[in-house]
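Morning, everyone. Please bring up the structure and keep it in view while I talk.

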Amino acid sequence: MQKKLILDSKHLDITLSRLCQQLIENHSDFSNCVILGLQPRGIFLAELIHQKLKQLKISVPLGYLDATFHRDDFRRRDAPPKASETRVPFAIEEKNVVLIDDVLFTGRTVRAALDAMISFGRPAKVELLVLVDRKLTRDLPIAADYVGKYVDTLDTQRVLVELQAQGHKQNKIWLINKD
Amino acid sequence: MSKLSQRHLLGIKDITRQDIELIFETASNFKDVINRPIKKVPSLRDVTIANIFFENSTRTRLSFELAEKRLSADVVNFSASSSSVKKGETLLDTVNNILAMKVDMVVMRHASAGAPHFLSKHIKANIVNAGDGTHEHPTQALLDAFSIHEKLGSVEGKKVAIIGDILHSRVALSNIFALKKLGAEVMVCGPPTLLPKFISSLGVQVELEVQKALEWCDVANVLRIQLERQQLKYFPSLREYTLYYGINKKMLDDLKKKIVLMHPGPINRGVELTSDAADSHHSIILDQVENGVAVRMAVLYLLAGAQG
């Protein structure tokens, strides 16, 4: 199994700062904006972004969204996908929603998340922020508005995000060859 | 682990503690779903479920139907009283005819113990037992245990007294299995004629005095006297049963600790519970009903997903 480092702790930090600046460019005062981290792994990234914005004296409501029950691959897998907690402690009606996930791969999770989100209300605008955008592997016409890093990958490869918040020693993003 | 060890839910006896914990975890996610403004998720969109009830039911059937509809399943209902069963069709024929119309899951209630087990050997669809005679009622036991888990934080180590007509109750048997698997201490309490002879071999304590049972327990699960199943006289009169085994609010208030009062319904007010006890702050009877939908959603979701 080959492992290649895509982003280390330092570069991750720089990337997150850049993503925050891009968000600020587009949202200025964030008055009508909310952040939704996608379960299970997007929530850690959402929390990091949330903290970084806080350091810049910007406070945005943060929620977690679980799309498990809206997935389209139910009954096509061996076991039913396991759900995580959804916590949306604010109304998203007429809000600008930023969905946050760690890796954008086929786009199917994001499709499910859009469905799941709409059951909470009708947002004014929805944007997608991802840390790693795996180009060339999309199944659906879905693109991210804010991208930490573009990576050319094959279907057989895997992107592994290790964050300190998830219990890892250091923040590291890996590209793994499965063979 | 996100998969049940069984293809069917026939009884609590057949499933593991891990299965029960997985169902609880999934159920709490569904409980969140059914408290949203939009209570529906598309998980079971391409699944057809037949509710086949050979015995009367309002609560269980409604609860299952709501669970199925909130998972976006297609639902067909069948009740024996208005069907060809009256014309002499066998159980297997009836169900095979329904399955020939491409049904994926069957939720079944039947007056004979073991009917769903028999069917599970002959048909492909997933079967959920919604009560078979005086044998098991697994989803009721799951929702009872889930309600205890939710109210008291865990089931492990808790003392649960099941009070009333144990002999005719499928809820009692399923509850005993579920609670024992989750590590609770279980006591059954009722008139000697309504306690099965070898019940203590299941590892439960037996108590004849309801006051002692209430003093012992953290949770009292009170059962209905199932007069419709009693061909014999098991006690002299309902009034006498109420005198010795009925629970009123004063009995609950006079206890040194606060206990949780449960009832699987339908309540016979004034028989096993007085109205003031049933409506008191001890009671979580309506929480049980709410949890019933979430637990049944979890069971259907996990069984349907395991077909893959």
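Two strands count as paired if DSSP finds at least two bridges between them. Keep that in mind for the first stop. One more thing: this is a predicted model.

Start in chain A. Strand β5, residues 125-135, pairs with β6(A). The sense is parallel, and the pairing runs over 6 bridges. Look at K135(A). Which residue stands opposite K135(A) in β6(A)? D152(A) does.

Now the whole sheet. How many strands does this open sheet of chain A have? It has 5. Their order is β3-β2-β4-β5-β6, with parallel pairing.

Which strands stand at the edges? In chain A they are β3 (62-65) and β6 (146-152). Each has a single partner strand, so one side of each is left without a neighbour in the sheet. The sheet's neighbouring strands are also turned against each other, by 25° on average, direction ignored.

Next, the helices on this sheet. Helix α1 of chain A covers residues 9-27. It lies across β2 (33-38), β4 (96-104), β5 and β6 of chain A. Against β6(A), helix α1 of chain A runs at about 130°. Helix α2 of chain A, residues 42-55, packs on the sheet too. It touches β2, β3, β4 and β5 of chain A. Its direction makes about 145° with that of β2(A).

Over to chain B. The domain assignment gives two domains here. Domain 1 is 12-137 + 289-305, and domain 2 is 138-284. Over C-alpha atoms, the centres of these domains of chain B are 25 Å apart. Where do they touch? 22 residues of domain 1 of chain B are in contact with 22 residues of domain 2 of chain B. On the domain 1 side, α1 (17-34), β4 (126-132) and α11 (285-305) of chain B each supply at least two residues. That side divides into 8 nonpolar, 8 polar and 6 charged residues.

Last stop: a pair of helices in chain B. Helix α5 of chain B covers residues 138-152. The axes of α5(B) and α11(B) come within 8 Å and cross at roughly 115°. Is that crossing left-handed or right-handed? The crossing of α5(B) and α11(B) is right-handed. Which residues meet? From α5(B), they include L142(B), F146(B) and E150(B). From α11(B), they include N291(B), V295(B) and R296(B). The residues of this contact divide into 5 nonpolar, 5 polar and 4 charged.

That's my tour. Thank you.

How values were computed
Residues numbered from 1 in each chain as written. Chains lettered and ligands numbered in written order. Predicted model: local features only at pLDDT ≥ 70, side-chain atom pairs only at ≥ 80, totals over all residues. Domains from an automatic or database assignment. Contact = placed C-beta atoms within 7 Å. Helix = DSSP H or I, 4+ residues; strand = E, 2+ residues; numbered from the N terminus. Nonpolar A, V, L, I, M, F, W, Y, C, P; charged D, E, K, R; others polar. Axes fitted to C-alpha atoms, helices over the stretch in contact; angles between N-to-C directions. Left-handed = near helix turned anticlockwise from the far one by under 90°.
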